[in-house]
Each structure stands twice: as C-alpha cells, then as structure tokens.
Amino acid sequence: MKVLGFKLIDKYIILKFIGTYFYAIALIISIAVIFDVAEKIDDFMEKEAPLRAILFDYYLNFIPYFANLFSALFTFIAVIFFTSRMAYNTEIVAILSSGVSFKRLMYPYFIGAFIIALLTLLLNLFVIPPANRVKLEFEALYIKNPYVNASQDIHRQIMPGVFLYVESYSAANQIAYKFSLEKFVDGELKSKLITDYARWDTVKNKWVLYNYYERDIRAEGEVITSGWEKDTTVDITGKDFSRRTDEIAAMNYFELNNHIAQQRMQGADNMEEILVEKHRRFADPFSTFILTLIGVSLSSRKVRGGIGLHIGMGLLLSFSYILFMRFSMMFAIGGGLDPLLAVWLPNILFMGVGIVLYRMAPK
C-alpha cells in the first residue's frame, strides 16, 4: 500500500525517525536548561536580570543553539533507539523477509536524515547566528564580559598599502600603545606615523594620538611634523583590537564570508578559527547522513543484549565522533592542520566505519 507516493512502511519509519529525534531533543534540552538555570541563578539575581529578558533574550535563543550543537548526537540516538525496538520486536526481520532489501530499507531513513540535515543547515547559516547575537548581548549585560584583549604585537593591513602596528592594546581603557601607521604606494614608503599611544574616542569615533611623530615623503623631500596631541581617522576601531567571545558564532553566512575577506586583508592571526567555523556549518549537516547509516547498520540486528546493548554501542560511537571532531578542530586552530581537512576528516573516517557496518548488517 502506498500513501502520497511512499509505501506505508516508509511513512512509518520517517515519522518514527523525526518523532524520536524531536523527543530526544526536548528531553535533553529540558535537562540542560535546568542545569543552566541552577548554574546561572546567582548571576541573574546579582545583576537583577529581568524575567522577560531571561526567558526571551537568553533561553529562547539558548534552546535552538544547544539543540543544533548536538543535532548529530540526537539523530544517532533517535535512529539507534527506534531501530533497536523494531529489531527487538522482529519488525526488521519481517520487513526483510517480505522481499524488501536492506538497501531499500535505508531509503526512508535517508529521507528523514535529509529533512534533519536541511533544517540543521538553515539553522547554522541563518537562524542560529542572530539568535546567538541576542544571547551574547544578554550574557555581556548580565553574566560576563564579552571582550578579551587581542594578542600582543598586532599587525594589520587596514586597506591596500596601509599597514598598522600596535605593540599592545588595553580593552578596558581603549588605548593602543606604540601605535604605528605606514602607507605604501607601489611598494615605496610614502608616510609613517609613530605615537607613544593612541586612545579611541567613542564620541568622535576617531583615534586621538599622543606624542606623535610623522614623516611625509614627497618628491621634493621629507616633511617631518610632531606634536603632543592629534586626531586622526583610521579604518579600524577600538573593538577591532579586542576579540569578542564567540563573535563569529553571531554572524550569518554572508556576514561570515565578508568577515573572512576583511580579516585576510588585515592579516589577522585567528584565520584558522574563523575558517573552522565556516566549514563546520556545512560539515555538521552532512554528518547526519553518516551517523544515520551507522545507527541503522548497528541496531538493525537483533542481539542478546537487546536495546541496551545497541544504545551503549551507539553512545560510544557518537561520543567518539564528537571527541574526534573536537581534537581535529583543535589541531586546525593550534596545530597547523588545514581547517577544511580538519572539519571534514571525522566525516571521512566515520563514513568508512558506516560502510563497514552496512556491509555487516543483516540482508
């Protein structure tokens, strides 16, 4: 019997898959919210955070972020759970005995995985970033300081031919020490500005230079000027010297691409971290298919340990995947591994595991 172009068993598996997936998410998120409230209740009370802001600015945006963060794990648990029950009730055996091949049995699973992967991709690219922005603003106001000082010896190309050097920057005072600005034309130095320190004026939106010394190289010779105080406009602000915690997580796909182009031009030293975030947004949805393949292949066989054994083995594999993914990202950020390879390497390796388990599954 077919319903809307699908066999009845297809509709049954898809509904079971999606339903169990969202049930697992609701269960885990409920627990996560309870623990998060217990952890942050003192901060909420100390900073007198309004209840409306806690519910709508923080937790309403925390829930999709947390759910999407562990979407692959929830997918795996959902597949393992309901497929194990089908195997334990000999439903898998009955389906295969009726002439349906194991390959054909995978179709509804992959349709369900496609729905979840598409949802995850849309959340990663366009929904989670603005939600993260609101959540981070709440955290900055009521929980923690969102800014940390950038590293020492900052070198930036703020526009073609214009290079900036800062020995150190104080985020608290918005002061850049040993501020130096050089301008080149066709590879030749045309001007150089050196100051003891520069302060970002938030009212004027300009840098105020103190004890400055400037060389202006012209065709007729050098012109040297100096003074105690001077305003200047540079295409970089005080916030650009501070890195906001999880700043890139609050950028949608187009904003992230623009940020990558800007950071490359400026010679930023955290490019690996930004590229890992970009590639992760595409690799995470793809992992849904891999973990679905592993989950079905692993739990479709009826074993003596029953559902508990399947769930135990599934959790072991899923946590191994997540752990391997984290280590791989760490090597990309601090170990010189290519970000694209680092993000996709766990998917490649576990795809191999999925193919092996698929070939061992009951046919």
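Biologist: Which residues does Ser328 touch, not counting residues up to four places away in sequence?
Modeller: In this predicted model, Ser328 is part of helix α8, residues 306-334. Leaving out residues up to four places away in sequence, the residues that Ser328 touches are Leu337, Ala342, Val343, Leu345 and Pro346.

Biologist: Does Ser328 count as buried or exposed?
Modeller: The cut-off for buried is under 20% relative accessible area. Ser328 has 5% relative accessibility and therefore counts as buried.

Biologist: Where does Ala72 lie, and which residues does Ala72 touch beyond those up to four places away in sequence?
Modeller: Ala72 is in helix α3. Because its relative accessibility is 16%, Ala72 counts as buried. With residues up to four places away in sequence set aside, Ala72 touches Ser287 and Leu291.

Biologist: How far apart in space are Ala72 and Tyr21, C-alpha to C-alpha?
Modeller: In sequence, 51 residues separate Ala72 and Tyr21. Tyr21 is one of the α1 residues that meet α3. From C-alpha to C-alpha, the distance between Ala72 and Tyr21 is 9.9 Å.

Biologist: Are α1 and α3 parallel or oblique to each other?
Modeller: The axes of α1 (residues 8-46) and α3 (residues 71-88) come within 8 Å and cross at roughly 125 degrees. An angle over 145 degrees would count as roughly antiparallel, and 65 to 115 as roughly perpendicular. The two helices α1 and α3 are therefore oblique.

Biologist: What is the hand of the crossing, and what is the make-up by class of the contact of α1 with α3?
Modeller: The crossing of α1 past α3 is right-handed. Residues of α1 including Phe17, Tyr21 and Ile25 meet residues of α3, among them Phe74, Ala78 and Phe82. By class, this contact of α1 with α3 has 13 nonpolar, three polar and one charged residues.

Biologist: How are α7 and α9 oriented, and how many residues of each class are in their contact?
Modeller: Helix α7 covers residues 271-299 and helix α9 residues 339-360; their axes come within 8 Å and cross at roughly 5 degrees. That angle makes α7 roughly parallel to α9. Their contact has 18 nonpolar, five polar and two charged residues.

Biologist: Which residues does UniProt list for "transmembrane region", and how far apart are the end C-alpha atoms of residues 341-361?
Modeller: The unreviewed UniProt entry lists residues 12-37, 58-82, 106-128, 307-329 and 341-361. In the model, residues 58-82 are 96% helix and 0% strand, with end C-alpha atoms 33 Å apart. Residues 341-361 are 95% helix and 0% strand, and their end C-alpha atoms are separated by 30 Å.

Methods:
Residues are numbered from 1 along each chain as its sequence is written. This is a predicted model: local features need pLDDT of at least 70, side-chain atom pairs count only at pLDDT 80 or more; totals for chains, interfaces and linings use all residues. Side-chain values use heavy atoms; hydrogens and water are left out. Axes are lines fitted to C-alpha atoms, for helices over the stretch in contact, and angles run from 0 to 180 degrees between N-to-C directions. Angles under 35 degrees count as roughly parallel, over 145 as roughly antiparallel, 65 to 115 as roughly perpendicular and the rest as oblique. A crossing is left-handed if the near helix is turned anticlockwise from the far one by less than a right angle, and right-handed if clockwise. Contact means heavy atoms within 4.5 Å. Ala, Val, Leu, Ile, Met, Phe, Trp, Tyr, Cys and Pro count as nonpolar, Asp, Glu, Lys and Arg as charged, and the others, Gly among them, as polar. Buried means under 20% relative accessible area, exposed over 50%, partly exposed in between (1.4 Å probe, protein chains only). UniProt positions are given in the numbering used here, feature names are shortened, and annotations may be inferred rather than shown by experiment.
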